[in-house]
Amino acid sequence: MNRICQILLRPSYASNLATTVRTVPALTATRRWYSADAAAPPAALDKDTLEKLVRTNKVVVFMKGNPQAPRCGFSNAVVQIMRMHGVPYDAHDVLENEALRQGVKDYTDWPTIPQVFINGEFVGGCDILMQMHQNGDLIEELKKVGIVSELLKAAEANDAAKK
Amino acid sequence: MSKYTAKYLEDKLKDKLEATYVHVSDDSDGCGGKFSAVIVSKAFEGKALLQKHRLVNTTLAEELKEIHAFSQKSYTPAEWEKVQQQEKQ
């Protein structure tokens, strides 16, 4: 990528480009693309920044992709669990920000993404969330921060109907 | 691509965690980038779920730098017995 940028920035190439600009101005006008990776990779976000980030909501998820379009099976599993329980949460896409990706790994000393926080506390990754979903712990943890799981509501409605 | 195999990871976990049962499966079609593991060890006793997983992650810290995807189920011997009984039902 860097090499391509360098080629494009060479004076000879630029003057060729200038000719093209005159012939098809409408097309080139939409082709001003910038590449952030020409700069040095950013350092990992520091502890203070992360501490604020994990508290922006009761539940905060660091994932690959976003909840509408997860870009990893493990991140997708976490999104689906949250959806089933009807949990409102903040999601951060680490693929959009390398400093965030490294920062959150450093912060939790946990090697993988996704990572889930409840009330600012690191809870775990996909395996742990899955297990907590299966054994009912997730419902309890959510209750502690004032979130009533949709699954619990459904179960209670079911019980009430039986009586 | 990593240089690790399921056998290598099983041996290491057995050795370091004194695991009574370890099963690692290679889900990567042989490229060595994706594994899932079931680990049963007394070392997990008295530890919360997160602490169990941390113990495994620490044991495999070097390997996990290269392994792209690693999923684990970590049980104490007592928990493992329960899991097996549930599976029989």
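This is a predicted model: local features need pLDDT of at least 70, side-chain atom pairs count only at pLDDT 80 or more; totals for chains, interfaces and linings use all residues.
Let's start inside chain A. The largest nonpolar core holds 28 residues, and those with the most contacts within it are A:V61, A:M63, A:V78, A:V116 and A:L129. Which elements give two or more residues to this core? In chain A they are the strands β1 (59–63) and β5 (115–118), along with the helices α5 (73–85), α6 (98–108), α7 (126–135) and α8 (137–144). The largest share, five residues, is the work of β1(A).

Leaving aside residues up to four places away in sequence, A:V61 touches A:V78, A:Y89, A:A91, A:P114 and A:V116.

Next up is where the two chains meet. Chain B puts nine residues into the contact and chain A puts in six. On the chain B side, α2 (49–59) and β3 (69–75) are the elements that give two or more residues. Sort that side of chain B by class and you get four nonpolar residues, four polar ones and one charged one.

Finally, take a look at helix α4 of chain B, residues 77–88. At 1.5 Å a residue, its twelve residues should span 16 Å, and the end C-alpha atoms sit 17 Å apart, which agrees. Is α4(B) buried or in the open? The number of buried residues among its twelve is zero, so α4(B) lies largely in the open.

Definitions and conventions
Residues are numbered from 1 along each chain as its sequence is written. Chains are lettered from A and ligands numbered from 1 in the order in which they are written. A nonpolar core is a set of buried Ala, Val, Leu, Ile, Met, Phe, Trp, Tyr and Cys residues joined through C-beta atoms within 7 Å. A residue is buried if 20 or more other C-beta atoms lie within 10 Å of its own, exposed if 12 or fewer, and partly exposed in between; C-beta atoms are placed from the backbone. Helices (H or I, at least four residues) and strands (E, at least two) are DSSP runs, numbered from the N terminus. Two residues are in contact if their C-beta atoms, placed from the backbone, lie within 7 Å. The expected span of a helix is 1.5 Å times one less than its number of residues. Ala, Val, Leu, Ile, Met, Phe, Trp, Tyr, Cys and Pro count as nonpolar, Asp, Glu, Lys and Arg as charged, and the others, Gly among them, as polar.
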